[in-house]
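This briefing concerns the contact between two chains of a protein assembly, followed by two individual residues. Please consult the sequence and the coordinates alongside the text.

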4 protein chains.
Amino acid sequence: MSAETVETVEGAPTHTGPHGYSKEKDLHLKRLRRIEGQIRGLQRMVEEDVYCIDILTQVSAGTKALQSFAVQLLQEHLRHCVADAAAGGGDVDEKVEEATAAIARLLRS
Amino acid sequence: MSAETVETVEGAPTHTGPHGYSKEKDLHLKRLRRIEGQIRGLQRMVEEDVYCIDILTQVSAGTKALQSFAVQLLQEHLRHCVADAAAGGGDVDEKVEEATAAIARLLRS
Amino acid sequence: MSAETVETVEGAPTHTGPHGYSKEKDLHLKRLRRIEGQIRGLQRMVEEDVYCIDILTQVSAGTKALQSFAVQLLQEHLRHCVADAAAGGGDVDEKVEEATAAIARLLRS
Amino acid sequence: MSAETVETVEGAPTHTGPHGYSKEKDLHLKRLRRIEGQIRGLQRMVEEDVYCIDILTQVSAGTKALQSFAVQLLQEHLRHCVADAAAGGGDVDEKVEEATAAIARLLRS
């Protein structure tokens with residue numbers, strides 16, 4: 001099953017690392033590879049004509065895994081990028097505003 | 001980037017196909033391969049220390065893509081599996097109940 | 001605490017009842033009054049300067065209650081309006097399409 | 001339409017105010033009264049046998065309004081309670097942890 005991958009990565013990096021999540025990089029990569037495996041599992045279910053409801057159950061599992069990856073990343077961002085800006089006199093308004101906008105996008109997705 | 005894949009597929013198929021989505025199989029597979037590409041894109045962003053907020057933006061895009069795949073599959077399920085059960089005197093209560101449970105899971109994920 | 005109520009009800013009724021939910025009207029009204037009470041509870045928490053996190057916990061409870069009301073209504077709609085259209089030769093494509101659009105809106109809200 | 005209100009307010013206030021949102025109290029109260037009006041609007045739609053799909057459209061509107069109230073409150077909490085803890089040597093770990101848990105609950109609701 002060759003993966004025709006269309007990888008468009010919008011939002012080019014605007015701040016060089018390391019970031020709040022950098023210390024846990026291996027854990028995050030392991031999570032993302034697991035989610036990648038779940039998406040390939042969905043492809044196989046579609047190829048093998050698995051019942052729609054069983055596929056939808058897997059979609060919910062994949063979405064939950066993505067959301068918990070996002071929550072973990074957000075916690076590290078708040079703890080480091082936002083808190084450091086507050087403690088070090090950085091632009092905390094901007095940090096809080098962009099974090100809140102990211103949370104709003106997650107809520108709507 | 002070797003993908004250590006852990007593919008656990010719960011919910012073994014309970015109804016043999018073809019199903020509502022079978023006619024659009026290629027379209028669904030193309031969508032899922034695109035989502036797989038987005039997840040690999042997230043892995044690369046983490047490896048390259050991209051800014052947290054830019055990664056979270058991509059997570060929202062991936063979650064939205066998964067949800068719209070689910071909505072498409074659900075429409076085909078309602079149109080065929082559920083409607084056919086109603087038209088053909090099948091167990092429509094069971095079909096509606098399992099479709100509603102799948103929708104509730106999607107809402108909570 | 002006089003409630004300055006701004007009640008705008010978009011989407012004027014397009015199909016006269018009774019509908020799938022009509023038999024359970026009292027149960028639905030009881031649920032909605034309970035949610036109304038939760039929203040007034042939020043107002044009181046804001047007036048009494050309750051801690052932000054405790055208010056957010058109540059918002060999640062209110063959102064969950066609204067979503068489960070929606071899922072219940074959806075189940076009755078699928079079981080009656082959609083299934084009856086399928087069984088009685090009605091326009092099932094239209095019914096499935098509008099139900100799917102409603103599910104997509106719920107997922108994005 | 002007498003409102004049988006069951007107002008259970010879990011999570012008794014744990015931190016005395018004023019809080020991040022206190023300056024915008026009137027705006028928040030106005031929003032919540034509007035949401036209260038939307039919930040009463042839903043009750044009237046059910047009483048008047050309005051079509052299920054039109055009711056579900058209003059539920060999505062009410063849920064969105066609740067979520068945007070939560071995002072606004074969260075921004076003020078991050079900007080004041082979390083940032084002040086970071087700047088003033090308070091327990092920023094605890095603040096970040098409880099904010100992240102609140103975000104996770106909102107995502108699952």
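What area is buried between chain D and chain C, and what percentage of it do carbon and sulfur atoms give? In this predicted model, the two chains bury about 6,500 Å² between them, and carbon and sulfur atoms give 63% of that area.

**Symmetry of chains D and C**

- Chain D is superposed on chain C by a rotation of 180° with 0.0 Å of shift along the axis, at an RMSD of 0.0 Å.
- This relation is that of a two-fold axis.
- Of the interface residues of chain D, 99% are also interface residues in chain C, so the copies meet through the same surface.

**Composition of the D–C contact**

- Chain D contributes 71 residues to the contact, and chain C contributes 70 residues.
- There are 22 residue pairs in polar contact between chain D and chain C, with both residues at pLDDT 80 or more.
- On the side of chain D that touches chain C, helices α1 (25–47), α2 (52–87) and α3 (92–108) of chain D each supply at least two residues.
- By class, that side of chain D comprises 30 nonpolar, 23 polar and 18 charged residues.

**Salt bridges between chains D and C**

- The count of salt bridges between chain D and chain C is 4.
- One of the salt bridges joins the side chains of K25(D) and D49(C), with an N to O distance of 3.2 Å.

**Q43(C), a residue in polar contact with chain D**

- Q43(C) lies in helix α1 of chain C, which spans residues 25–47.
- The side chain of Q43(C) makes a polar contact of 2.7 Å with the side chain of E36(D).
- Is Q43(C) buried or exposed? Q43(C) has a relative accessibility of 1% and therefore counts as buried, the cut-off being under 20%.

- H77(B) is located in helix α2 of chain B, residues 52–87.
- Because its relative accessibility is 0%, H77(B) also counts as buried.
- Which residues does H77(B) touch, not counting those up to four places away in sequence? In chain A, H77(B) touches Y51(A), C52(A) and I53(A); in chain B, H77(B) touches V82(B), E98(B) and A99(B).

Definitions and conventions: Residues are numbered from 1 along each chain as its sequence is written. Chains are lettered from A and ligands numbered from 1 in the order in which they are written. Side-chain values use heavy atoms; hydrogens and water are left out. Copies are superposed by least squares on the C-alpha atoms of residues with pLDDT of at least 70 in both. Contact means heavy atoms within 4.5 Å. Buried area is the accessible area (1.4 Å probe) that two parts lose on being put together, summed over both. A polar contact is a pair of N or O atoms within 3.5 Å; within protein, one must be able to donate a hydrogen and the other to accept it, and residues adjacent in sequence count only if both atoms are side-chain atoms. Helices (H or I, at least four residues) and strands (E, at least two) are DSSP runs, numbered from the N terminus. Ala, Val, Leu, Ile, Met, Phe, Trp, Tyr, Cys and Pro count as nonpolar, Asp, Glu, Lys and Arg as charged, and the others, Gly among them, as polar. Buried means under 20% relative accessible area, exposed over 50%, partly exposed in between (1.4 Å probe, protein chains only).
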